[in-house]
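Biologist: Before we discuss this model, I would like each label set against its definition. Could we take the terms one at a time?

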Amino acid sequence: MITNKHILTIAHKHGFDLVGFAKAGKLTHEIDHLNEWLKRGYQSNMLYMERNTDKREDVSLILPDVKSVISLAMNYYTDHQHENKPGHGKVSRYAWGKDYHFIIWEKLEYIIDEIKEIDKSFEAKAYVDTGPVMDKAWAVRAGLGWLGKHTNVISREIGSYFFIANIITNKEFEYNEPVTDFCGSCTACIDACPTNAIVDEYIVDANKCISYLTIENKGEIPSEFEGKFNNWLFGCDVCQEVCPWNNKFAEETTEREFYPKDNDELSFEEIEGMSNSKFKRRFGTSPISRARLKGLKRNARFIKE
């Protein structure tokens, strides 16, 4: 029979820093918040957020015999800092190295295979923020951390610079309790947001978020944000940079693939003259590819203007 100890040993061996276990059940409270967020139009043009809300609420629609959700976190923080070089735009630190999806998907496959060697009846579906699974909600339920006012999950052990993966499974485990919300009266992330995208505690309006505007957004960037991007070319880390929990507890990742590969700051001149073929060669395995060359050039123009 597979146990918590088996899972913890295997997950840590493959580089996951935090592991938690939650009893499967409907995310009724969480889906109510999601529906209200959608009703307000805070998803902007991320129409995929409006689809499969039934599966987001009830994971048994993904795995009928589900009993548990195993939530895992992988730290991506490095001590490297932006140099703010003239003629360059800043990239969010999660995109400095190789695309985390490629790294974590492979590790999850190894983990599931190793678990099945112990228990052949183990069934699982794994996700890394690419399916209809409320990854942050399960991370909170599994006790990895609490949802911060900037809507990132914060761990007392490693801060908030981590990726989340979830394994939905047919096995039962000893379950973790959700941890206390330690944000308290702190509003550092809300006060520091350059575009006032954190419209209320625990609520982000994507229409105003630099990360959305520079990555997911396929249209032009509204002129109302001119002069407010602080040279962020791809993504934004401000709300995490000012978080006291990161300042106290962020520690370097052991995954070398997350270390900078000359992608922490990008030259506007290089972007302007870049062809699609060069873009694919340079960023083919990087999260930066998500913005596409057209988006990256748009971002560069917007910051320079």
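Biologist: In which loop does T151 lie?

Modeller: T151 lies in the loop between β5 (146-147) and β6 (153-154), where strands are DSSP runs of E with at least two residues and helices are runs of H or I with at least four, numbered from the N terminus. This is a predicted model, in which local features need pLDDT of at least 70 and side-chain atom pairs count only at pLDDT 80 or more, while totals for chains, interfaces and linings use all residues. Residues are numbered from 1 along each chain as its sequence is written, and side-chain values use heavy atoms, with hydrogens and water left out.

Biologist: Why is T151 called buried?

Modeller: Buried means under 20% relative accessible area, exposed over 50%, and partly exposed in between, with a 1.4 Å probe and protein chains only. T151 has a relative accessible area of 18%, so the residue counts as buried.

Biologist: What makes the phi of T151 worth a remark?

Modeller: Phi of T151 is near 75 degrees, a positive value in a residue other than glycine. Most residues other than glycine have a negative phi. A positive phi is also found at D129, near 50 degrees, and D129 is placed in the loop between β4 (124-127) and α5 (135-141).

Biologist: Is D129 called buried, partly exposed or exposed, and why?

Modeller: The relative accessible area of D129 is 38%, and therefore D129 is partly exposed. E50, in the loop between α2 (28-39) and α3 (53-57), is also partly exposed because its value is 40%. G227, by contrast, has 78% and so is exposed; this glycine is found in the loop between α7 (210-216) and β10 (232-234).

Biologist: Why is the pair of Y100 and F163 called stacked?

Modeller: Rings of Phe, Tyr and Trp (its six-membered ring) pair if their centres lie within 6.5 Å, and planes under 30 degrees apart count as stacked, over 60 as edge-to-face and the rest as tilted. A search of the whole structure finds 15 aromatic pairs. In one of them, Y94 and Y100, the centres are 6.2 Å apart and the planes at 70 degrees, which is edge-to-face. For Y100 and F163 the ring centres are 4.0 Å apart and the planes at 10 degrees, so this pair is stacked. The pair links distant parts of the chain, since Y100 is in helix α4 (residues 100-118) and F163 in strand β7 (residues 162-169), 63 residues apart.

Biologist: What makes Y100 and F163 count as buried?

Modeller: Y100 counts as buried because its relative accessibility is 9%, and F163 is buried because its relative accessible area is 6%.

Biologist: How do you know that the radius of gyration agrees with a compact globule?

Modeller: The radius is taken over C-alpha atoms, and the globule rule is 2.2 Å times the number of residues to the power 0.38. With 305 residues, a compact globule would have a radius near 19 Å, and the protein has 20 Å, which agrees. The C-alpha trace spans about 60 × 40 × 35 Å along its principal axes, and the protein has twelve helices and eleven strands.

Biologist: What share of the 305 residues is buried?

Modeller: Buried residues make up 52% of the 305 residues.
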